[in-house]
Amino acid sequence: MKNQSAVIFRIFLYGILIAPLVLFMLYAFSERWFFPAPFPTAWTTNIVTRMLNDPRTTSGLFISIGIAMLVSFLSLLIGFPAARTLGSRVFRGRQIAWLIFFLPTVVPPLAVGMGLNILFLRLGWSGTLFGVILAHLVPTLPYTIFTLSGVFSRYDENYEHQALVLGSSRLRIFFTVTLRLVFPGLIVAGLFAFLISWSQYLLTLLIGGGKILTLPMLLFSAVSGGNPTSIAALSLLFVAPPVIIIAASARFLVQHGNTIREQY
Amino acid sequence: MFKRMDFSSPWIKLAPAILVISLLFGASILFGLAQSFGLMTGTGQESISFEAYRNVFSGQGPAGREFWSSLGFSLWVATASTLLSAIGALTIAIWLSNRKGKSQQTDTLALNWNLAFPHLVWAIALLLFFSQSGLLARFAATLGLIQMPADFPILVKDRSGIGIILDYVTKEIPFLTLIVLAVLRSQAENLDIVAENLGASRWQRLWYITIPQVLPALMAGSLIVFGFVFSAYEVPAILGVRYPRMLPVLALDFFLNPDLNSRAEGMVISFVITLIVMIVAIISLRGEKEDTQE
């Protein structure tokens with residue numbers, strides 16, 4: 001009895017897991033699909049091929065990947081020393097530092113983007129990749145710092161001391177001891193910074209001013225266009241990186257152990 | 001033995017991150033405040049004015065009239081989504097926590113899988129599935145339950161927010177389930193076994209032992225969900241209707257309005273959202289602190 005319900009639950013769960021992908025594929029590859037038909041009556045790859053050959057989509061794809069990669073790299077670079085300090089040292093003013101990083105996780109991107117909109121306009125940064133990347137750092141950097149500081153609070157510095165006593169250089173210790181030990185946490189933090197930036201719509205809209213056309217921007221305009229086939233085709237392209245990333249990092253997600261508290 | 005190799009001031013290592021965050025975040029709040037007072041909105045106004053605040057809160061004019069109904073609608077959607085997600089997550093987590101060994105890891109993985117679908121694309125999936133000419137309606141028609149798309153109930157882009165709530169509930173149940181499961185798995189079974197030996201029934205054990213154990217974490221997680229639902233833009237923009245609109249949709253619409261006078265009103269609405277989310281976050285933090293002190 002118990003086993004049976006578990007099996008049913010699992011089938012249901014796995015069904016939900018692949019349902020969005022199947023749904024998008026049905027629509028994206030359908031040629032003729034009039035109302036009562038439960039499945040398309042004619043199939044085509046034309047829509048997807050046309051989309052992949054559309055310069056707007058390809059440039060959107062590359063801009064999105066470029067922005068998200070730079071944002072996650074910068075978040076790790078700037079966040080790593082801060083996270084280590086916050087996670088493993090006790091010092092006066094620690095709570096103030098914590099609060100500075102905590103506030104942007106609470107204040108919605110809407111308010112941040114609307115405030116930065118006029119500032120960046122005056123500085124000449126709106127409509128530039130530089131401006132959009134800076135704006136994306138506001139949600140990703142605190143997230144990276146909190147994830148990594150959680151890792152560093154459980155981190156044993158004695159491994160580094162041992163290597164130092166044995167005559168290793170600081171640089172070598174960093175690459176062979178520190179990085180190895182925090183690797184799963186580093187991967188999780190970096191990947192989620194990537195995903196937060198990847199799916200960012202509001203900040204890109206408010207700072208990019210319609211000039212920086214990332215995939216979420218194209219997706220929104222497709223939704224207002226209302227054609228299910230092109231919406232689904234673009235959605236497939238948009239979810240491909242997250243799906244690959246989550247599947248590939250599954251091992252680290254379990255190892256890392258922390259629940260992901262960020263929403264994106 | 002040396003305890004610390006690092007004798008430098010902690011602030012040197014914190015400086016780059018603090019600089020980036022406080023400059024960007026601080027400036028955004030300052031410039032936002034200035035705009036809510038009618039400054040720098042491009043209208044040429046040079047003195048502070050509370051007109052936008054009056055317009056929004058007075059209940060008159062285009063901003064005010066829609067503000068109060070939007071606030072009510074936002075509160076309804078956020079409360080319903082949070083409660084339903086919490087109840088669903090609690091049920092699934094308690095049920096899953098009995099499973100041990102290898103299935104435990106697969107459950108965790110499966111629950112993490114929802115991270116692969118950002119809210120933006122999850123909302124689109126729901127739109128394609130639940131709309132009146134969507135997949136579900138087609139299945140209903142094939143089974144002979146309905147004749148035309150118009151016969152199918154309006155589940156997305158509906159006036160009571162069912163589509164939006166449906167989206168958040170399906171996304172947040174896995175999120176909260178993971179939080180509750182983490183607590184259940186870290187706690188020893190002893191209490192449960194003791195209670196069983198003393199003759200407590202299954203429901204008594206659930207009510208007096210399991211639920212009190214997970215409640216603080218579930219509360220904290222639920223408040224995160226509430227704050228997110230209350231302030232997110234993408235889902236109500238895709239699955240919502242023209243009226244009533246959730247506050248973030250209203251705020252952005254006013255802010256991007258070609259009429260520069262309404263920019264300040266958009267900013268005021270976004271500050272109202274921020275204020276409410278901040279209050280919720282403070283409550284959530286206090287709850288968590290008490291939890292760790294115990």
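1. Let me start with the interface: 65 residues of chain B and 65 residues of chain A take part in the contact between them. Two residues are in contact here if their C-beta atoms, placed from the backbone, lie within 7 Å. On the side of chain B that touches chain A, helix α1 (residues 10-36) of chain B gives the most, with 17 residues. That side of chain B divides into 48 nonpolar, 14 polar and three charged residues (Ala, Val, Leu, Ile, Met, Phe, Trp, Tyr, Cys and Pro count as nonpolar, Asp, Glu, Lys and Arg as charged, and the others, Gly among them, as polar).

2. Please keep in mind that this is a predicted model, in which local features need pLDDT of at least 70, side-chain atom pairs count only at pLDDT 80 or more, and totals for chains, interfaces and linings use all residues. Residues are numbered from 1 along each chain as its sequence is written, while chains are lettered from A and ligands numbered from 1 in the order in which they are written.

3. Now to chain A, which has 12 helices and two strands. Helices (H or I, at least four residues) and strands (E, at least two) are DSSP runs, numbered from the N terminus. From the N terminus on, the order is α-β-β-α-α-α-α-α-α-α-α-α-α-α.
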